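Subject: Structure handover

Hello,

Here is the structure I promised to pass on. Please open it and keep it in view while you read.

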Amino acid sequence: MKKVDLSIVIPVYNEQDNVDDLHSKLDAYLGNLSLNVELVFVDDGSQDKSVGALCSKQFKNARVKIVRLSKNFGSHAAIRAGFQNASADICMIYFMDMQEPFEIIEQFYTKIQEGYNIAYAERVGYQASLGSRIYGKLVRKLIVQDYPSNGVSCFMIDKKVKDEFNRNIESNSSIYFQLFTLGFKKTGIPCVCKERKNGKSGWTFSKKARLLVDSFVAFSKAPAHFVTTIGAIMAIIGILWAIVIVIIKLFNLVPLSAGWPTLMALLLFGFGITNLSIGIIAEYLWRTLDAARKRPVFIVEEIIDCDKKEEELL
């Protein structure tokens, strides 16, 4: 059996509508490459017939492996599972919706052969939403200064980076930010992404919100610094206000009348800041507890080697 030159990890979550299209187009493209390619499909707890559809396809120009997770752990965990079960030293991430052109595969591989450890796709001609743009600015300011303004879609890594990912399987974390904070030599390739044609994206608002919290808590001290700064400001304001009240009372400068609206406003503001601070601290503590328990980031239920199954049928 020939050595695998490249493993392409493809997360799968309710993508049965994309299987036929991906099979025909990707297999045809791989036939033009002078590489021995392995496709590692990672089923992230799909509720549809994605796995059955994949098993029914025969890729002529690639070895195929399906890694089934025991439940839906999220796309980042699925990618990590794919890296861990990939045969090749060089690995790439691609997605079932085929928004990136297949030509990016060869461009990535060329950059890795040139000595880069990481090659990633920089989206061009992509109009992000206002929330995404604000998120991107915060990321570049507080987490990764050189993170692309339109984000990163697919990427390719060499053996050094793959080994580092497999040694440090982080829970409640972003694989993209981990990729950019490793310090290895990387390069970006402009990529015009297309719209999804089939199926529905599993990237829901709740998952985006969770990633937002995970990103800043796992990779930045900014939330903790925010709590400290707000607490210090509130303490200084409180001390100054107390001094002002004492001086007014001592010298009878201005008649003071107690007002419940002012008191309620101060109490609500103060308790709001306190609860926000406790919430941020709790996020850090919860992640510390989660890391200390060492629960698995993903659980592999089954690995289906499609090539072996085909040999058995023959």
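**Overview**

Please note that this is a predicted model. The protein chain has 314 residues, and 40% of them count as buried. Its secondary structure comes to eleven helices and eight strands. The accessible surface is about 17,900 Å², with 59% belonging to carbon and sulfur atoms. Take the contacts with a separation of 6 or more: 85% of them join residues 24 or more positions apart.

**The sheet**

Start with the strands. Eight of them form an open sheet, in the order S7-S5-S6-S4-S1-S2-S3-S8. The pairing is mixed. S7 (186–192) and S8 (300–305) stand at the edges. Each has a single partner strand, so one side of each is left without a neighbour in the sheet. On average, neighbouring strands are turned by 20 degrees against each other, direction ignored.

Strands of a sheet pair through backbone hydrogen bonds, either parallel or antiparallel. S1 (residues 6–12) and S4 (residues 91–93) pair in the parallel sense, over three bridges. Look for Val9: its bridge partner in S4 is Ile93.

**Helix H3**

H3 (residues 75–84) packs on the sheet. It touches S1, S2 (37–43), S3 (63–69), S4 and S6 (152–157). The direction of H3 makes about 150 degrees with that of S1. How much of H3 is buried? Eight of its ten residues are, so H3 is largely enclosed by the rest of the structure. Among the buried ones are His76, Arg80 and Phe83.

Phe83 deserves a click. Beyond its neighbours within four places in sequence, Phe83 is in contact with residues including Val9, Cys91, Ile93, Phe155 and Ile157. The largest nonpolar core has 73 residues, and Phe83 is among those with the most contacts inside it, along with Leu39 and Phe41.

**Helix H4**

H4 (residues 103–113) packs on the sheet too, touching S1, S4, S5 (118–124), S6 and S7. Its direction makes about 45 degrees with that of S6. Which residues of H4 are buried? They are Ile104, Ile105, Phe108, Tyr109 and Ile112. These cover an arc of only 135 degrees around the axis, which puts them on the same side of H4. Their cover includes helix H1 (16–30) as well as S1, S4, S5, S6 and S7. Just after H4, Gly115 takes a positive phi of about 120 degrees.

Best wishes

Technical notes
Residues numbered from 1 in each chain as written. Predicted model: local features only at pLDDT ≥ 70, side-chain atom pairs only at ≥ 80, totals over all residues. Heavy atoms only, no water. Core = buried A, V, L, I, M, F, W, Y, C linked by side-chain atoms within 4.5 Å. Buried < 20%, exposed > 50% of the residue type's maximum accessible area, 1.4 Å probe, protein only. Contact = heavy atoms within 4.5 Å. Pairing = 2+ DSSP bridges. Helix = DSSP H or I, 4+ residues; strand = E, 2+ residues; numbered from the N terminus. Axes fitted to C-alpha atoms, helices over the stretch in contact; angles between N-to-C directions. Arc of directions from axis to C-beta. Areas by Shrake-Rupley, 256 points an atom, 1.4 Å probe, with all protein chains shown as cover.
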